[in-house]
Amino acid sequence: MNEARRTSAALEVRGLDVYYGHSHALQGVDLTLESGVFSVVGRNGMGKTTLCKAIMGLVPVSGGSIRVRGEDITRRPPAHIARLGVGYVPQGRRLWRSLSVDEHLRLAGGMRSGAWTVERIYDTFPRLAERKDHGGGQLSGGEQQMLAIARALLTNPQLLVMDEPTEGLAPVIVAQVEEMLLRLGEDGDMSVLVIEQNIGVATAISRNVAIMVNGRINRIIDSARLAADRELQQRLLGVGLHAELTPDLDVPAAGSEAKSAPQATRPSGPIRIYISNPTPPTRWSQPAPIARIEAAARTLSTQVSRLDETARRKREPATSQSSGPPVVLVVGTLDTKGTELRFIRDIVAESGLRTRLVDVSTSGKHSSCDVSAQEIALNHGRGGAAVFGADRGAAVTAMADAFANWLRRQGNVAGVISAGGSGAASLVAPGMRTLPVGVPKLIVSSVASGDVGPYVGPADITMMHSVTDIQGLNSISRAVLSNGANAIAGMVKARLDQREARQRAPSAGLPAVGITMFGVTTPAVQKIAADLGEDFECLVFHATGVGGRSMEKLVESGQLAGVIDITTTEICDLLMGGVFPATEDRFGAIIRARLPYVGSVGALDMVNFGAPDTIPERYRGRKFHVHNPQVTLMRTTVEENERMGRWIAERLNQMDGPVRFFLPEGGVSALDARGQPFWDPDADTALFRALERDVRQTGNRRLIRIPKNINDPDFAAAIVSAFRTLFGRTGARRRLAR
């Protein structure tokens with residue numbers, strides 16, 4: 001009997017009915033979770049939270065059954081269900097304000113023995129360890145959510161039910177929760193049912209997604225398809241026209257394909273959009289009066305709702321309108337550059353590509369567009385209040401963050417183009433940098449003739465000088481904007497054609513590996529690339545600050561199968577103030593992607609400065625080497641190497657993928673060799689000692705000493721051998737870009 005239970009589905013719901021008075025909240029729900037993580041999404045009021053409560057025994061069940069690992073838990077008391085191994089993270093967290101973090105955890109611990117202990121919780125959520133003596137009411141929203149999740153994990157459940165785990169959290173905390181859910185699914189110790197409105201999170205953590213509509217499981221859909229099809233998301237999940245939603249409500253339940261239904265006629269006049277309950281309800285709320293709902297309804301812009309169908313077909317090919325094809329985003333501040341952006345939009349649309357006009361203005365004014373500034377602002381952690389404020393600088397920064405968050409969730413972006421001044425470029429460039437390398441990105445701007453590094457960063461953004469300011473259409477601006485529009489259209493079409501050709505005749509291209517190099521590690525990199533060249537596409541990145549970021553950008557985009565990070569010199573400049581610094585997120589993409597990683601300490605013997613007269617006063621009297629009139633190198637000291645060792649060790653300890661990190665005892669660069677100007681065994685020893693002391697070595701994460709200089713052929717051979725071993729163990733595991 002016990003064996004049968006272990007092999008049963010983690011959760012099996014059959015024909016579940018729940019009533020609130022005469023209201024039929026759940027209507028014959030059927031749902032099966034075999035193992036891993038499974039997401040359920042839907043608009044407000046569709047029955048998602050009621051489903052959670054029914055599983056936990058918190059609402060009476062009128063019909064149907066609920067089984068966990070084969071055992072029927074229907075109508076059992078909540079405490080009994082929890083002891084059987086069902087954990088619950090409720091919507092709203094439901095913490096005790098008077099109990100400390102530690103008291104919450106001690107209270108939850110001990111219900112069921114298992115791998116999750118209070119000590120493991122503190123290791124998993126270091127922030128909770130820091131706040132262990134603080135009361136539940138003193139925590140931030142993100143900390144409260146961590147505590148609610150930790151409390152449930154301490155019951156060591158077989159099935160964990162999570163109701164809106166990312167609701168109201170800042171984007172960075174949302175990303176942490178998403179990563180934790182992915183790990184729980186991979187560990188295999190428990191199964192997780194996630195109720196979620198954030199489509200990006202729901203599709204990232206689950207292979208399939210169930211969609212609830214009016215108390216039923218309307219369909220179960222592949223998460224990749226849902227993530228990539230914005231039109232489908234709006235039709236099934238978005239707040240919009242009831243006439244457009246109605247045909248989809250009658251589709252067969254889970255797993256069945258929807259039958260075709262006649263398209264409802266779009267009203268010709270202004271459209272009323274209703275909110276079912278304008279006031280956030282509580283359990284004691286009375287039904288919202290019809291008069292209040294009517295008063296709270298808003299009217300969709302007449303310009304949008306009356307868009308001539310002929311013009312729509314002209315901009316969007318008929319084959320594209322229903323299938324969610326790739327789309328070109330035309331982005332900018334429509335309150336000041338609306339004429340110019342629509343000019344670009346029309347040219348791109350005339351080429352036959354589907355377009356969407358996106359407003360990122362911060363004035364709060366409403367403009368006719370496909371995606372409003374208000375909709376973009378909702379993607380900021382604090383919503384529109386953070387974006388539409390009196391401080392223009394803060395508003396621009398907040399809108400840039402909101403646009404980047406919104407853009408990450410779009411699955412069908414074929415290209416992005418923008419036009420404007422420095423403010424517009426600052427608004428759109430961070431979002432463009434989140435897109436994978438290869439997706440066309442173009443900014444037409446008056447700042448494009450100067451230093452574009454802050455806008456482009458590690459991404460493949462094309463910047464075109466506008467010549468005149470972008471202020472109205474004239475003979476010059478028309479020519480430049482037309483060139484930009486035709487350029488993005490050409491790039492997008494060429495890329496789509498290439499993708500189509502690859503689909504018709506797929507080729508088994510070589511897996512790509514990223515390798516970092518500096519002038520003083522060139523011999524090693526050349527040897528490594530030559531030895532791997534027959535089996536891998538070796539992409540070499542010059543470690544000048546932007547080089548490391550570009551490599552990690554490709555890691556984030558899922559375009560690298562592994563990394564040979566032999567030259568980590570950018571960390572010197574980050575910590576000591578050189579001119580080629582990494583960012584604080586150096587190694588971050590590798591940590592998140594869990595790729596095979598082989599690293600070393602290449603060129604950590606030097607900090608890069610410009611001409612000698614640019615060296616900071618505090619470094620006068622140090623050991624220098626003049627590389628050329630514009631580049632001066634400073635030898636790092638014992639103390640600085642100790643500091644770098646601690647910094648790198650902290651990042652290596654966060655890597656869950658296979659890691660081999662090599663320490664060349666004969667010197668870390670061409671200048672750090674016996675008889676060369678930077679030869680300093682004491683400094684190198686301090687670096688190696690700090691790494692060996694602080695790195696938590698496991699079977700998957702190892703430090704390896706080699707009694708050679710980093711440019712010695714034997715050292716390169718050891719690097720190649722280690723990478724081949726790791727790559728062979730893990731396969732060409734690539735994390736696909738979302």
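Of the 738 residues of the protein, 51% count as buried, where buried stands for a relative accessible area under 20%, exposed for one over 50%, and partly exposed for values in between, with a 1.4 Å probe and protein chains only. The model is a predicted one, in which local features need pLDDT of at least 70 and side-chain atom pairs count only at pLDDT 80 or more, while totals for chains, interfaces and linings use all residues. Residues are numbered from 1 along each chain as its sequence is written, and side-chain values use heavy atoms, with hydrogens and water left out.

The secondary structure comprises 29 helices and 26 strands; these elements are DSSP runs, with helices (H or I) of at least four residues and strands (E) of at least two, numbered from the N terminus. Among the contacts in the protein with a separation of 6 or more, 71% are accounted for by residues 24 or more positions apart, a contact being heavy atoms within 4.5 Å.

Two packed helices are described by the angle between their axes and the distance between the axes. The axes are lines fitted to C-alpha atoms, for helices over the stretch in contact, and the angles run from 0 to 180 degrees between N-to-C directions. In the case of helix α4 (residues 101-108) and helix α7 (residues 141-153), the axes lie 8 Å apart and the packing angle is about 20°. The two helices α4 and α7 are therefore roughly parallel to each other, given that angles under 35 degrees count as roughly parallel, over 145 as roughly antiparallel, 65 to 115 as roughly perpendicular and the rest as oblique. The crossing in which α4 passes α7 is right-handed; a crossing has this hand if the near helix is turned clockwise from the far one by less than a right angle, and is left-handed if anticlockwise. On the α4 side the contact is made by V101, H104, L105 and A108, and on the α7 side by L147, A150 and R151. By class, the residues of this contact of α4 with α7 divide into 5 nonpolar, 1 polar and 1 charged, where Ala, Val, Leu, Ile, Met, Phe, Trp, Tyr, Cys and Pro count as nonpolar, Asp, Glu, Lys and Arg as charged, and the others, Gly among them, as polar.

Helix α19 (residues 392-408) and helix α20 (residues 422-434) have axes that come within 8 Å and cross at roughly 30°. That angle makes α19 roughly parallel to α20, and α19 passes α20 in a right-handed crossing. From α19, the residues V396, M399, A400, F403, A404, L407 and R408 meet G423, S426, L427, V428, P430, G431, M432 and T434 of α20, a contact that has 10 nonpolar, 4 polar and 1 charged residues.

The loop between α19 and β15 (413-420) holds R409, which is partly exposed at a relative accessible area of 29%. When neighbours within four places in sequence are left aside, R409 is in contact with N198, A227 and N379; the C-alpha atoms of R409 and A227, 182 residues apart along the chain, are separated by 7.5 Å. The loop between β24 (631-635) and α27 contains T637, a partly exposed residue with a relative accessible area of 23%. Apart from residues up to four places away in sequence, T637 touches R622 and A683.

Positive phi values occur at R69, near 55°, and at R594, near 60°. R69, in the loop between β4 (63-68) and β5 (71-72), is buried at a relative accessible area of 18%, and R594, in the loop between α26 (588-593) and β21 (597-600), is buried at 11%.
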